[in-house]
Amino acid sequence: MSQHVQLTASDQFKLDAYVAEPSAPPTAGMVVLQEIFGVNHHIRNVTDRYAGFGYMAIAPALFDRVMRNVELAYDDMSGKEIRAEIALDKTILDVKAAVDWLRAQGIARVGVVGYCWGGSLAWFANTRLDVDATVSYYGGMIAAAADEKNQAPAMFHFGQLDKHIGPDHWEKIQAAHPELPLFTYDADHGFNCDEREAYNAEAAHLAQERTLAFFRANLGG
């Protein structure tokens, strides 16, 4: 079952979110963080998928501070401009609002999974918020913030064919956090998204298996 809810951040800003509920009582909660294309069809599908795995899943609309109801095509890069208009600290408040919403539903343990921009935000959720585990897919801002200390277990996925996030990026993360699992795949940026040309079914499947095992180990279920 899915629904749209409204969240209130600690600065009183109100943003929308897509929620998918599991058919049985949830084992834990999952915040799904968008790419730069909004909470589009793919992100809603990912959120539904996590509900199918047993999590109460929520995808906050992180572009709402600039523009509401954003769903961009994958050849539309205007999401970069929208993202640039939102201060990182404000986005973190919106992620926290999603975490808080899950806690208010009685969810004891909350994970965060993010893709591209959301992959970076998942790392910041780990270092700056009270969450229980995070997984980042091809987050391009993580290396620059690798000196931040994780507060919970974290996992990272990157594509070896990604022209914008290369080995220097992964190596910096690994050097700062050798204890955290980091995987690379013979795939491009965005390899998890089955609605874009970069989709790589083999890499997406393996990353999903690793991600689920990681969340089950750290969130239960």
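Trainee: On what conventions do the values rest?

Mentor: The model is predicted, so local features need pLDDT of at least 70 and side-chain atom pairs count only at pLDDT 80 or more, while totals for chains, interfaces and linings use all residues. Residues are numbered from 1 along each chain as its sequence is written, and side-chain values use heavy atoms, with hydrogens and water left out.

Trainee: How is a pocket defined, and what volume does the largest pocket have?

Mentor: On a 1 Å grid over the protein atoms alone, a pocket is an open set of points where a 1.4 Å probe fits, with protein on both sides within 12 Å along at least five of seven lines; lining residues have an atom within 4 Å of a point. A volume is the space filled by probe spheres set on the points, which are joined across faces, edges and corners. Here the largest pocket has a volume of about 560 Å³. Its lining comprises 22 residues, of which Lys80, Cys116, His164, His189 and Arg196 are the closest to the centre.

Trainee: Which helices each supply at least two residues of that lining, and how does the lining divide by class?

Mentor: Helices (H or I, at least four residues) and strands (E, at least two) are DSSP runs numbered from the N terminus. Helix H2 (79-84) and helix H4 (117-128) each supply at least two residues of the lining of the largest pocket. As to class, Ala, Val, Leu, Ile, Met, Phe, Trp, Tyr, Cys and Pro count as nonpolar, Asp, Glu, Lys and Arg as charged, and the others, Gly among them, as polar. The lining of the largest pocket has ten nonpolar, five polar and seven charged residues.

Trainee: What is found in the second largest pocket?

Mentor: The second largest pocket holds about 220 Å³ of space. Of its 18 lining residues, His4, Asp16, Val39, Ala61 and Asn69 are the closest to the centre. Strand E2 (residues 14-20) gives the largest share of this lining, three residues.

Trainee: Is Cys193 buried or exposed?

Mentor: Buried means under 20% relative accessible area, exposed over 50%, and partly exposed in between (1.4 Å probe, protein chains only). Cys193 is buried, at 0%, and Cys116 is buried as well, at 15%.

Trainee: Which side chain makes a polar contact with that of His157?

Mentor: The partner is Thr211, at 2.9 Å. His157 belongs to strand E7 (residues 154-159) and is buried, with a relative accessible area of 0%.

Trainee: Where is Val70 placed?

Mentor: Val70 is in the loop between strand E4 (55-60) and H2, and is buried at 9% relative accessibility. Not counting residues up to four places away in sequence, Val70 touches Phe37, Gly38, Val39, Phe63 and Ile82.

Technical notes: A polar contact is a pair of N or O atoms within 3.5 Å; within protein, one must be able to donate a hydrogen and the other to accept it, and residues adjacent in sequence count only if both atoms are side-chain atoms. Contact means heavy atoms within 4.5 Å.
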